[in-house]
Amino acid sequence: VQLQASGGGLVQAGGSLRLSCAHSGRAFSPYYGGWFRRTPGKEREFVAAISRSGGSTGYADAVKGRFTISRVNAENTVFLQMNSLKPEDTAVYYCAANPIYNSNSYYSTSSNEYQYWGQGTQVTVSS
């Protein structure tokens with residue numbers, strides 16, 4: 001299983017970006033997915049997660065109402081739409097995935113519960 005994150009870049013405060021995480025390897029649908037981010041000197045933090053069906057989602061308080069996670073299983077891709085970006089959103093964003101076979105609604109907010117990780121994509125928000 002390989003994850004490829006893309007879509008990062010430089011944007012002004014108030015702008016938008018859409019991150020993509022393309023999954024290759026085994027069948028995509030039995031995985032829940034998540035996005036995490038890391039800034040220098042800080043621990044990696046949870047941003048958003050989605051269940052394998054896409055019917056359940058969760059967000060960190062810092063991004064709730066501004067970010068939207070979604071997935072298209074037919075395209076083996078998870079997206080993170082980021083609106084109303086703030087300078088404090090500047091970070092390297094990582095996508096992650098973990099297999100799950102017994103629940104359509106479960107996802108995790110803990111990085112310890114993700115087996116597969118993408119390489120990260122830089123998001124920089126200027127003030």
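User: How many bridges join S4 to S5, and what counts as pairing?

Analyst: Two strands pair if DSSP finds at least two bridges between them, and strands here are DSSP runs of E with at least two residues, numbered from the N terminus. In this structure, 5 bridges join S4 to S5, which run antiparallel. S4 and S5 form a hairpin with 6 residues between them, and Gly 41 in the turn has a positive phi of about 85 degrees. One caution before we go on: this is a predicted model, in which local features need pLDDT of at least 70 and side-chain atom pairs count only at pLDDT 80 or more, while totals for chains, interfaces and linings use all residues. Residues are numbered from 1 along each chain as its sequence is written, and side-chain values use heavy atoms, leaving out hydrogens and water.

User: Which strand pairs with S5 over 3 bridges?

Analyst: That is S6, which pairs with S5 in the antiparallel sense. Look for Ala 48, whose bridge partner in S6 is Tyr 59. The hairpin of S5 and S6 has 6 residues between the strands, and Gly 54 takes a positive phi near 85 degrees there.

User: How many residues of strand S5 are buried?

Analyst: Buried means under 20% relative accessible area, exposed over 50%, and partly exposed in between, using a 1.4 Å probe and protein chains only. In strand S5 (residues 45–50), 5 of the 6 residues are buried, so the strand is largely enclosed by the rest of the structure.

User: What should I look for in a salt bridge?

Analyst: Side chains of opposite charge can pair when their charged atoms come close. The rule here asks for a side-chain nitrogen of Lys or Arg within 4 Å of a carboxyl oxygen of Asp or Glu. By this rule the count comes to 4 salt bridges. One of them joins Arg 37 and Asp 89, with the closest N and O atoms 3.0 Å apart. Arg 37 lies in strand S4 and Asp 89 in the loop between strand S8 and strand S9, so the pair ties together parts that are 52 residues apart in sequence.

User: Which other residue forms a salt bridge with Asp 89?

Analyst: Arg 66 does, with the closest N and O atoms 2.7 Å apart. This pair links distant parts of the chain, 23 residues apart, with Arg 66 in the loop between strand S6 and strand S7. Salt bridges that share partners join Arg 37, Glu 45, Arg 66 and Asp 89 into one network. Asp 89 is buried at 1% relative accessibility, and Arg 66 is buried at 11%.

Methods. Helix = DSSP H or I, 4+ residues; strand = E, 2+ residues; numbered from the N terminus.
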